[in-house]
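Visitor: Hi! Could you walk me through the structure shown here?

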Amino acid sequence: MIVPAKPRVFSGIQPSGELHIGNWLGAVRTWAAQVEEQREDLLFCIVDAHAITVEYEPSDLRQRIDVMARDLVACGLDPDKCTLFVQSDVREHTELAWYLANVTPLGDLHRMTQFKEKSAGKEHVLVGLYTYPVLMAADILLYKATVVPVGDDQLQHLELARETVRRYNFRFGELFPEPQPRISKGSRIMGLDGQGKMSKSKGNTIALFEPRESFWTKLRGAFTDPQRLRRSDPGRPEVCNIYTMHKSVSSSDEVELTYEECTTARRGCIDCKKILMDNFDRELVPLRTRRAELKAHPERVRQALADGAAKARRMATETMREVREVMGLGAQPAGG
Ligand code: AMP
Ligand code: TRP
């Protein structure tokens with residue numbers, strides 16, 4: 001088994017258009033910190049082939065890929081320091097997914113809760129949506145990734161990928177390392193309406209690069225502690241989404257003070273949100289600047305994606321050579 005010398009980190013994000021503060025705090029910001037540290041070999045993939053498992057418009061998808069790529073770079077996924085690419089630019093993802101489908105029992109896919117949720121009540125459910133976790137396993141295995149940063153909603157899929165490695169290695173010999181999950185320390189951000197997680201499909205988000213004014217209008221109207229009806233009522237930070245966000249963007253002193261002042265009703269929710277807004281602003285200024293520069297030079301992002309795909313493809317080709325070899329596929333043994 002050829003194992004990478006440095007830990008190899010792989011993660012994927014769907015090209016959902018603009019990032020929102022949920023996926024920034026929950027995922028992308030932690031990725032950017034890892035890029036900054038440079039202790040690991042990092043691959044980040046815009047998973048467009050996953051995005052076609054639900055209804056979509058082709059022209060829309062292309063645009064969403066571009067926007068996502070630009071925003072990821074603006075957030076700190078510097079293409080000189082990590083491999084940033086689009087999934088379908090490396091065709092080996094779908095090839096490996098087919099091979100892995102042949103070591104994956106049907107029963108395993110039946111258990112996937114995300115499939116159950118996404119298909120519930122729908123008349124037309126696509127095979128692609130069902131086999132989505134197999135493609136996700138292929139994404140990870142193709143690069144022999146050892147660490148996969150994901151939100152807890154993806155843990156079940158990752159467990160399936162680990163199981164796939166065990167089955168594959170048992171059947172064909174030790175080829176893949178077992179990828180370990182890394183749950184980001186940013187917490188799960190709830191929607192502005194307080195109804196479940198912040199998610200584009202629920203329309204309860206604040207876009208990360210929303211103009212400051214509408215950012216504030218949305219934050220101002222966000223759900224807090226439902227039992228805090230009057231300004232004089234003490235609040236319960238542990239159930240408040242604004243407090244969760246403070247924990248991600250404010251200093252530890254500020255977080256402590258927020259807790260104090262909220263639970264003793266010395267601070268009202270609007271004041272609390274104003275402080276949070278200032279802290280968001282402080283973090284977002286450099287990102288906004290970078291994003292404006294990239295917007296003026298779209299060719300830079302395009303080039304970065306082309307370079308990223310070329311790098312990823314080299315790794316993928318090497319893995320697939322081994323895969324075909326151990327599985328007895330192809331007319332030519334070893335790398336024809
Ligand atoms: P998605 O936009 O669903 O493809 O998610 C991209 C990444 O952001 C995944 O790692 C998710 O777990 C994470 N993420 C998405 N929404 C949230 C949220 N509301 N709070 C925290 N993390 C999130
Ligand atoms: N399924 C993941 C999500 O919806 C995205 C994804 C696709 C992914 N392939 C991956 C994440 C590989 C980690 C590793 O968030």
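Visitor: What does the shell around ligand 2 look like by class?
Guide: That shell has seven nonpolar, five polar and one charged residues. In this count Ala, Val, Leu, Ile, Met, Phe, Trp, Tyr, Cys and Pro are nonpolar, Asp, Glu, Lys and Arg are charged, and the others, Gly among them, are polar. Please keep in mind that the model is predicted: local features need pLDDT of at least 70, side-chain atom pairs count only at pLDDT 80 or more, and totals for chains, interfaces and linings use all residues. Residues are numbered from 1 along each chain as its sequence is written, chains are lettered from A and ligands numbered from 1 in the order in which they are written, and side-chain values use heavy atoms, with hydrogens and water left out.

Visitor: Thanks! Which residues are the closest to ligand 2?
Guide: G12, Y132, M136, D139 and Q154 are the closest of the 13 residues that surround ligand 2. A residue belongs there if one of its heavy atoms lies within 4 Å.

Visitor: How much of ligand 2 does the protein cover?
Guide: On its own ligand 2 has 370 Å² of accessible area, and the protein covers 90% of that. The areas come from the Shrake-Rupley method with a 1.4 Å probe; for residues, only the protein chains shown count as cover.

Visitor: Which element gives the largest share of that shell?
Guide: That is α7, with four residues. Helices (H or I, at least four residues) and strands (E, at least two) are DSSP runs, numbered from the N terminus.

Visitor: Switching to ligand 1: what is around it?
Guide: Ligand 1 is surrounded by 14 residues, and N23, G151, D153, I189 and M198 are the closest. By class, its shell has four nonpolar, seven polar and three charged residues. Helix α1 (residues 21-37) gives the most, four residues.

Visitor: Which polar atoms meet ligand 1?
Guide: The backbone of G22 has an N or O atom 3.3 Å from a ligand nitrogen. In the side chain of D153, an N or O atom is 3.1 Å from an oxygen of ligand 1. A polar backbone atom of I189 lies 2.8 Å from a nitrogen of ligand 1. Alone, ligand 1 exposes 480 Å², of which the protein buries 84%.

Visitor: New topic: how many cavities are there of 30 Å³ or more?
Guide: The structure holds two. On a 1 Å grid over the protein atoms alone, a cavity is a set of points where a 1.4 Å probe fits but cannot get out; lining residues have an atom within 4 Å of a point. Grid points are joined across faces, edges and corners, and a volume is the space filled by probe spheres set on the points.

Visitor: What lines the largest cavity?
Guide: It is lined by 16 residues, with R228, C240, C262, C269 and C272 nearest its centre. The space in this largest cavity is about 100 Å³.

Visitor: And which residues line the second largest cavity?
Guide: Its lining is Q114, F115, K118, L129, Y132, P133 and H157.

Definitions and conventions
A polar contact is a pair of N or O atoms within 3.5 Å; within protein, one must be able to donate a hydrogen and the other to accept it, and residues adjacent in sequence count only if both atoms are side-chain atoms. On a 1 Å grid over the protein atoms alone, a cavity is a set of points where a 1.4 Å probe fits but cannot get out, and a pocket is an open set with protein on both sides within 12 Å along at least five of seven lines; lining residues have an atom within 4 Å of a point.
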